[in-house]
Amino acid sequence: MERIFTMPEAMKPEQTLYCPGCGHGIIHRLVAELVDEFGIRDRTIGIAPVGCSVFADKYWNFDVISAAHGRAPAVATGMKRGRPDSFVICYQGDGDLAAIGTAETIHAANRGEHFVTVFVNNAIYGMTGGQMAPTTLVGQRSMTCQLGRDPAIMGYPIRVCELLKDLPGVAFMARGSVDSPKNVLKTKKYLKKAYSNVLEGKGYSFVEIVSTCPTNWGMTPVKALEWLRENMLEHYELGVFRDCDAEA
Amino acid sequence: MVSKIRCAGFGGQGIVLMGKLLAQAGMMEDKHTTFFPQYGAAMRGGTANCSVVVSDDAIASPMAQEPDVVLIMNGPSLDKFEPAVRPGGWIFYNTSLIDREVERDDVEVFKVAANELADEVGSTRSANMVMLGAFAGKLGTVSVEALLGSLDVMLTGKGDKIMNLNREAMKRGAALAE
Amino acid sequence: MSERVLMKGNEAIGEAAVQAGCQCYFGYPITPQNELTAYMSKRMLEEGRVFIQSESEIAAINMCFGAAAVGVRTMTSSSGPGISLKQEGISYVAGAELPLFFVNVMRGGPGLGNIAPSQADYFQCTKGGGHGDYRVIVYAPSDVQEQYDYTMLGFDLADRYRIPVLLATDGILGQMMEPLVLKKYKDPGDLPSKEAWRLGDPATKEPIWITSVRLGEGELEEHNFKLQKKYEEIAEKEVRFEEISLDDADIVMVAYGTSARVARSAMEMARAEGIKAGLLRPITLWPFPEKRLREIADKVDNMLAVEMSLGQMWEDVRLAVCGACRVHLHGRTAGGVPEETAIVDQIRKIMNSKGDEIIRNF
């Protein structure tokens with residue numbers, strides 16, 4: 001019998017402890033599949049951020065470092081500059097990347113640091129129990145905006161791609177989603193482009209992935225996917241925001 | 001024997017360079033020496049000043065809080081440092097830019113028309129060198145030869161013209177003390 | 001005499017780091033350490049190494065965390081307000097057991113304070129600074145040559161023990177120029193290899209995880225006991241101090257860095273008038289020379305802590321002597337530098353006092 005589906009070598013044979021319907025498992029796998037496809041497992045370093053993916057090391061079968069909350073881009077910078085032959089994947093959530101670590105994010109992008117950023121946007125703080133994220137939608141409820149996000153008090157949900165895309169250091173920037181098989185494949189395509197850009201030394205490459213958090217959204221996994229499609233994709237438009245090759 | 005020296009003037013008069021040349025000269029004579037710049041919090045305005053200590057023994061604080069000697073290049077600096085000099089110490093001051101007398105009577109005073117003498121050798125900008133030469137010629141804390149030598153170390157890369165100008169200015173100052 | 005050059009303390013630290021093979025420098029401007037960052041911006045690039053002026057002190061220390069994790073020598077430098085910001089990262093470095101060398105050119109605090117020389121970060125330097133149960137080796141040089149020498153040694157010790165090493169200096173020592181012998185760096189030859197744990201190395205077979213997260217039951221306690229063992233070894237082997245005229249001393253001053261220079265001069269003045277004063281100069285602030293202080297306390301009635309802070313080191317001296325002698329305090333702060341004459345005045349007062357009285361200058 002022919003085996004047509006297997007664990008990537010870059011994934012450990014572990015069952016993830018993420019909640020049912022969480023996007024992290026899919027995104028971890030995409031990250032790992034591409035590490036295998038490019039044959040770079042021995043020199044890849046992943047960053048496990050603060051957030052639910054703090055234990056990414058349990059699932060990825062390559063070197064991993066745990067960064068302080070928001071500091072992943074600075075840690076990635078130090079690793080890549082210190083060891084230029086390494087391949088660094090900066091994996092971050094919305095609170096990590098767009099709240100506490102905004103300065104690190106902007107300046108790493110602006111310096112055109114040669115690593116891949118995988119930005120998982122599920123519009124909420126997962127690990128700490130469902131607080132408002134910088135990307136929480138207007139009107140969306142969370143533990144710290146129980147009456148719904150009111151922009152007059154709490155500001156607006158940040159569109160990170162739109163904010164960063166014009167920085168000259170950025171080589172590639174796209175937003176995908178993992179709400180459907182079609183979008184998963186498209187997201188993988190974006191990630192592949194980001195990997196190859198970094199491997200070819202083209203510069204900072206960034207893929208935002210709109211994802212779900214059924215537990216903290218208070219929905220079933222299926223309902224969460226529907227909610228994502230109906231609400232998030234309107235505010236977080238999918239597509240490519242920057243591609244240095246297309247411009248050239 | 002320890003000598004605590006304070007150099008003071010306004011920004012652009014080469015006050016920090018005076019201090020560095022003194023410290024370099026002290027080192028070349030195998031003495032213990034320190035140089036310490038004092039800046040205000042802001043980059044512009046106010047007086048520039050620095051401390052130099054030259055000693056036969058290990059140096060405690062590099063800050064000349066009660067200096068033995070002050071080398072004063074402008075009026076506000078005289079106002080500021082005249083009271084600080086230790087009794088029996090020396091005030092060297094630039095009469096080209098200061099038209100008052102030293103008020104204290106418990107210190108030695110040596111007047112140097114630094115700008116005018118510098119003009120005579122070719123450039124007002126060498127007034128700091130005239131002052132250094134006068135100090136070394138008068139008190140010998142460091143020798144004029146060592147100061148001339150320190151110019152070669154501190155001003156490497158400057159053209160012959162500037163080097164000669166500075167040398168001449170320094171000698172001119174030293175000659176005042178003869 | 002070997003050839004000497006006149007050099008600023010801040011630049012001497014930079015040159016020593018370059019000589020010691022520092023591969024990555026990350027820093028952010030702050031007075032009075034700016035000459036160091038400026039020096040590195042030129043020298044590191046000349047050597048084909050990494051220099052980044054980071055977006056913040058927080059970013060700088062985390063860049064160091066990354067560079068240390070891939071196994072290269074790395075450093076950062078700042079002054080009090082910036083070191084406060086770096087404490088988070090230093091705690092992570094300590095928890096993850098990575099080598100790091102960093103510099104605090106101390107200025108007046110608290111808050112934005114001022115830019116004048118100070119030793120007011122003693123507590124922050126020696127008592128951890130960041131969160132958690134950890135230690136940092138702290139060197140306190142007292143001249144430009146020592147800033148150069150202990151920078152080199154600091155890199156070695158960071159690698160030997162996989163620990164953050166701090167050079168605690170101040171605005172005077174950083175900004176002053178003094179003659180310096182530019183010694184060549186000598187690899188001690190017995191430093192442990194980084195090959196087994198560094199990230200991104202294709203030669204390692206199993207994936208490596210560098211972290212300070214230990215959430216399993218008892219996992220963190222076990223790790224912290226392991227760290228403690230290491231700290232005990234360091235306290236045993238690496239404590240450094242200088243003793244001056246202690247043999248016949250009736251009163252012993254304890255002072256480090258700039259304060260020690262002034263204390264030494266005060267000691268000579270006191271001796272000139274017949275008071276037998278001595279000086280113990282801690283060169284490591286952690287580990288603190290507590291054993292030696294305890295021995296000395298049995299032989300003298302009085303000690304005098306001289307510091308550019310208001311009793312921070314004094315606390316450690318009192319802890320070390322454990323009530324065996326009186327410990328007095330001469331403290332200046334926020335740019336105030338101890339003066340020889342004032343110290344000698346206080347010494348006279350102490351020698352004429354009786355009983356348990358503790359004499360302070362303020």
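Two strands pair if DSSP finds at least two bridges between them. Helices (H or I, at least four residues) and strands (E, at least two) are DSSP runs, numbered from the N terminus. This is a predicted model, in which local features need pLDDT of at least 70, side-chain atom pairs count only at pLDDT 80 or more, and totals for chains, interfaces and linings use all residues. Residues are numbered from 1 along each chain as its sequence is written, and chains are lettered from A and ligands numbered from 1 in the order in which they are written.

**Strand 3 of chain A**

Strand 3 of chain A covers residues 87–93, and seven of its seven residues are buried. Buried means that 20 or more other C-beta atoms, placed from the backbone, lie within 10 Å of the residue's own. In a regular strand the side chains alternate between the two faces of the sheet. Here A:Phe87, A:Ile89, A:Tyr91 and A:Gly93 point one way, while A:Val88, A:Cys90 and A:Gln92 point the other way. Strand 3 of chain A pairs with strand 1 of chain A and with strand 4 of chain A. A:Val88 is the bridge partner of A:Ile45. A:Ile89 stands opposite A:Val116 in strand 4 of chain A.

| Strand | Partner strand | Bridges | Sense |
|---|---|---|---|
| Strand 1 of chain A (residues 44–48) | Strand 3 of chain A | four | parallel |
| Strand 3 of chain A | Strand 4 of chain A (residues 116–121) | five | parallel |
| Strand 2 of chain A | Strand 9 of chain C (residues 209–210) | two | parallel |
| Strand 4 of chain C (residues 74–78) | Strand 5 of chain C (residues 100–106) | four | parallel |

**Where the chains meet**

Two pairs of chains are in contact, and chains A and C share the most contacts. Two residues are in contact if their C-beta atoms, placed from the backbone, lie within 7 Å. Chains A and B do not touch; their nearest C-alpha atoms are 27 Å apart. Between chains A and C, 27 residues of chain A meet 31 residues of chain C. On the chain A side, strand 2 (63–66), helix 2 (72–82) and helix 4 (102–111) each give two or more residues. Helix 2 of chain A gives the most, with eight. Strand 2 of chain A also bridges to strand 9 of chain C. There, A:Val64 has C:Trp209 as its bridge partner.

**The sheet of chain C**

Chain C holds an open sheet of seven strands, in the order 3-2-4-5-7-6-13, with mixed pairing. Strand 3 (50–53) and strand 13 (284–286) of chain C stand at the edges with a single partner strand each, so one side of each has no neighbour in the sheet. Within the sheet, C:Ser78 has C:Asn104 in strand 5 of chain C as its bridge partner. Helix 3 of chain C (residues 57–69) packs on the sheet and touches strand 2 (24–27), strand 3, strand 4 and strand 5 of chain C.

**The nonpolar core**

A nonpolar core is a set of buried Ala, Val, Leu, Ile, Met, Phe, Trp, Tyr and Cys residues joined through C-beta atoms within 7 Å. The largest has 243 residues, and B:Phe92 and B:Met131 have the most contacts inside it. Helix 3 of chain C gives the most to this core, with 10 residues. Domain 1 (4–237) and domain 2 (242–352) of chain C both contribute residues, so the core lies between them; the domain bounds come from an automatic or database domain assignment. Leaving aside neighbours within four places in sequence, B:Phe92 is in contact with residues including B:Val69, B:Leu71, B:Phe110 and B:Met131.

Technical notes: Axes are lines fitted to C-alpha atoms, for helices over the stretch in contact, and angles run from 0 to 180 degrees between N-to-C directions. A residue is buried if 20 or more other C-beta atoms lie within 10 Å of its own, exposed if 12 or fewer, and partly exposed in between; C-beta atoms are placed from the backbone.
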